[in-house]
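I opened the model today to look up its salt bridges, sheets and a few single residues. My notes follow in the order I checked things.

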Amino acid sequence: MSSLTSFLPLDGVRVLSLALNLPGPAALLRCRQMGASCLKLEPPAGDPMALYNQPAYAALHEGIGIETADLKTEAGQQQLHAALAKTDVLLTSFRPSALRKLGLDWPALQARHPSLSQVAIVGAPGERAEEPGHDLTYVAESGLVTGTELPPTLYADMGGALLASEAVLAAMLHRARSGDKASGIYLEVALNASADWLALPRTWGLTQPTGAVGGAHAGYRVYPCADGRVAVAALEPHFANRLCEAAGVRPPDMMATATHEALAAWLATRTRAELDAMSRERDVPLLTLAD
């Protein structure tokens, strides 16, 4: 059995990134993990992430070559195009108007570097690509912000990074299938589309409060326990039956209010250690959590 640690689909592929903040660097890191040779050109002021979270910046750029280039100068442009001449895929996260000002819109790139492919990360597709936005606005648009609390992670940014690294793979697959190394392609990745993709289970109703994995199923919830919390994922009938047998709940109608209440009352009296032991003995999927 192979994994991305033993099979490197981007081995020998050269990726150059101009993308700052989170989605671009996260995509570049994924490319490096898949074997690509990765270089990033940063402006003289550096990547803003290095200022507001140095540990995150360091983790994202492990194994990545970093050079400084002022693309607004002739010297910086020469440095960039010298690197692009040896690059398979360019990764960007500028708005289209900014790319045009730098002479990096797709027609200009294709004319100068016909073998180059570009993966352009934008906030929204098409005409909306000029709109300002960040992870929070894209996630909110997708319906994943349900209260006033911030989401626990940056879903659109990290989802977009995965889609962007997938696009790099697609560009290389296109080259291999076309048999023409001089046939670069342009691929656009929209962060709001990545949020929409992650939001599909909610759109389908799966994670709505009335959905089985949204709280309606008593075996798929987070409950208080005697010394913390327990994330219970006893969704399938055989798991739910084992959980209910341990709790003395019969019959196990997992959608009934009475079952929710009975399981909550039983779990509240059990310690994390007791629940961990029950999970091992009865093969019930759960994870105990400290407060």
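**Salt bridges.** I started with lysine 40 and glutamate 42, whose side chains meet in a salt bridge at 2.9 Å, N to O. My criterion for a salt bridge is a side-chain nitrogen of Lys or Arg within 4 Å of a carboxyl oxygen of Asp or Glu. This is a predicted model, in which local features need pLDDT of at least 70 and side-chain atom pairs count only at pLDDT 80 or more, while totals for chains, interfaces and linings use all residues. Residues are numbered from 1 along each chain as its sequence is written, and side-chain values use heavy atoms, with hydrogens and water left out.

Are the two partners buried or exposed? Lysine 40 is buried, because its relative accessible area is 0%. Glutamate 42 is also buried, at 6% relative accessibility. I use buried for under 20% relative accessible area, exposed for over 50%, and partly exposed for what lies in between (1.4 Å probe, protein chains only).

Next I looked at arginine 242 and aspartate 283. Their side chains form a salt bridge at 3.1 Å, N to O. This pair links distant parts of the chain: arginine 242 sits in helix α12 (residues 237-247), aspartate 283 in the loop between α14 and β9, 41 residues apart. Helices (H or I, at least four residues) and strands (E, at least two) are DSSP runs, numbered from the N terminus. Arginine 242 is partly exposed, with a relative accessible area of 26%. Aspartate 283 is partly exposed too, at 48%.

Glutamate 245 counts as partly exposed because its relative accessible area is 42%. Arginine 250 counts as exposed, at 52%. I also noted a network: salt bridges that share partners join Arg14, Asp88 and Arg175. How many salt bridges are there by this rule? The count comes to nine.

**Six-stranded sheet.** I traced an open sheet of six strands, in the order β3-β2-β1-β4-β5-β6, with parallel pairing. Two strands pair if DSSP finds at least two bridges between them. The edge strands are β3 (65-68) and β6 (186-190), and each pairs on one side only. Neighbouring strands are turned by 20 degrees against each other on average, direction ignored.

I then checked one pairing. Strand β1 (residues 14-17) and β2 run parallel over four bridges. Serine 17 has lysine 40 as its bridge partner in β2. Helix α8 packs on this sheet, touching β1, β4 (89-92), β5 (117-122) and β6, and its direction makes about 165 degrees with that of β6. For such angles, axes are lines fitted to C-alpha atoms, for helices over the stretch in contact, and the angles run from 0 to 180 degrees between N-to-C directions.

Which residues does serine 165 touch, leaving aside neighbours within four places in sequence? I found Ala27, Arg30, Cys31 and Met34 in contact with serine 165; contact means heavy atoms within 4.5 Å. Serine 165 lies in helix α8 and is buried at 4% relative accessibility.

Alanine 36 is in the loop between α1 (23-33) and β2 (37-42). Alanine 36 counts as buried, at 7%. With the neighbours within four places set aside, alanine 36 is in contact with Leu10, Val13, Val15 and Cys31.

**Three-stranded sheet.** I found an open sheet of three strands in the order β7-β8-β9, with antiparallel pairing. The edge strands are β7 (220-225) and β9 (286-289), each pairing on one side only. The twist averages 20 degrees from one strand to the next. Four bridges join strand β8 (residues 228-233) to β9. Valine 232 stands opposite leucine 286 in β9. Helix α14 (residues 272-282) packs on this sheet and touches β7, β8 and β9, its direction making about 165 degrees with that of β9.
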